[in-house]
Amino acid sequence: MTSWIAAACMALPLTGMAVTAEPVMIGLIYPTPVADVGWAKQLDLAREAVEEAYGDRVTTRVVENIPEGPDAGRVMNQLVADGAKFVVLGSFGYMNDGLRLAQRSPDVDFIHASGFRQTENLGTFTARSYEGFYLTGMAAGMVTESNTIGIVAAFAIPEVIAEVNSIALAARKENPDVNIRIVWVNTWFDPAREQEAARALISQGADVVFSLHQDTPSVVNVAQAEGVYVVNTGSDMSAHGPDAVLGSVVTDWNSYFVEAVGKSLDGEFTGYDERGGLASGMVSVAAWNDALTEEQMGRIEEVEAALRSGEVHVFAGPLNDQSGTERVAEGEVLPDPEIFGMDWLVEGLSGSLPQ
């Protein structure tokens, strides 16, 4: 009887009935809370761009403030169990759990921030933020009066090491007498520890401080209060330090997320490594400080244009590491695999990499 009813129903015309496909669920996991600025905010702006681009074809679910480790593994597994067909892994430390999940879930597509391993259904995305930090490193070398620049750095992963080296190369080219100090805080999100590190650097004479991958304006707030310049990562944080912000190195994931989700919706997604910089608009510098003269901004803009065109490369030889060992010969440039696998500091930097 039941089968007869089903067959009869199938034979009925569908006139006047709308057949609507279920929206595709997109899951996103972030290592820190979504605030008004910062890393998680930029990822979430890209999520909003996806919703705007695809409307009712997609639905999104965000899980924020998930530390790297077992909790992240459980969350991403739950997202897939709940039906996510596209998952954004928003932190470097999500890599191993993400890889295992991707291998077990061939019908789900994944993109992973700052990773270096891809599969058929897992791609990676990293911004060439070192290009933006080269420009702000130039500015720091121009404006410092104490000849001391401080860097509050999150974790010593290749992406962050490349940014530290870029700052040093640019600042010392503008001002060979500059001394650069680094404090590794070994956290993506600990405002109190980040502020303590910034104050320690200022007490050692730094009058320009870089905030590398702090997801809040913690360091910016200290710089504003102490009357020093600051360069931050991720978002324009000048509203939190109107006098202090020398420039903000901004990442824009919107176009990449929209493209990757579009390929997934069309069944054409293949894991690949996306690395955008100044030329693609994935990286930019916002909120240049008025303290920079017209002549100084002119020099910065010339270098920016050369970086965009490929005429100039941040890691061009001759280039030595801290020990004086040549890493890049004159006339050569450091290839991408070595930039995104960087585990050494350039000559002239004070401090060392954490073990």
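Colleague: How do the residues of the lining of the largest pocket divide?
Modeller: Into eleven nonpolar, three polar and three charged (Ala, Val, Leu, Ile, Met, Phe, Trp, Tyr, Cys and Pro count as nonpolar, Asp, Glu, Lys and Arg as charged, the others, Gly among them, as polar). Mind you, it's a predicted model: local features need pLDDT of at least 70, side-chain atom pairs 80 or more, while totals for chains, interfaces and linings use all residues. Numbering runs from 1 along each chain, and side-chain values use heavy atoms, without hydrogens or water.

Colleague: Why is the Phe86 and Phe269 pair called edge-to-face?
Modeller: Their ring centres are 6.0 Å apart, inside the 6.5 Å limit for a pair, and their planes stand at 85°, over the 60 needed, so edge-to-face it is. That pair ties together parts 183 residues apart in sequence.

Colleague: What makes Phe86 and Phe269 buried or exposed?
Modeller: Buried means under 20% relative accessible area (1.4 Å probe, protein chains only). Phe86 has 2%, so Phe86 is buried, and Phe269, at 9%, is buried too.

Colleague: And why is Tyr130 with Phe340 edge-to-face?
Modeller: Their centres are 6.4 Å apart and their planes at 65°, so the pair passes on both counts. Here the linked parts are 210 residues apart in sequence. Tyr130 is buried at 4%, and so is Phe340 at 15%.

Colleague: How many aromatic pairs does the structure hold?
Modeller: Twelve. Ring pairs also link Trp39, Phe125, Trp253, Tyr256, Phe257 and Tyr272 into a cluster.

Colleague: What makes Asn165 buried?
Modeller: Asn165 has a relative accessible area of 0%, so Asn165 counts as buried.

Technical notes:
Buried < 20%, exposed > 50% of the residue type's maximum accessible area, 1.4 Å probe, protein only. Phe/Tyr/Trp six-rings, centres within 6.5 Å; stacked < 30°, edge-to-face > 60°. Helix = DSSP H or I, 4+ residues; strand = E, 2+ residues; numbered from the N terminus.
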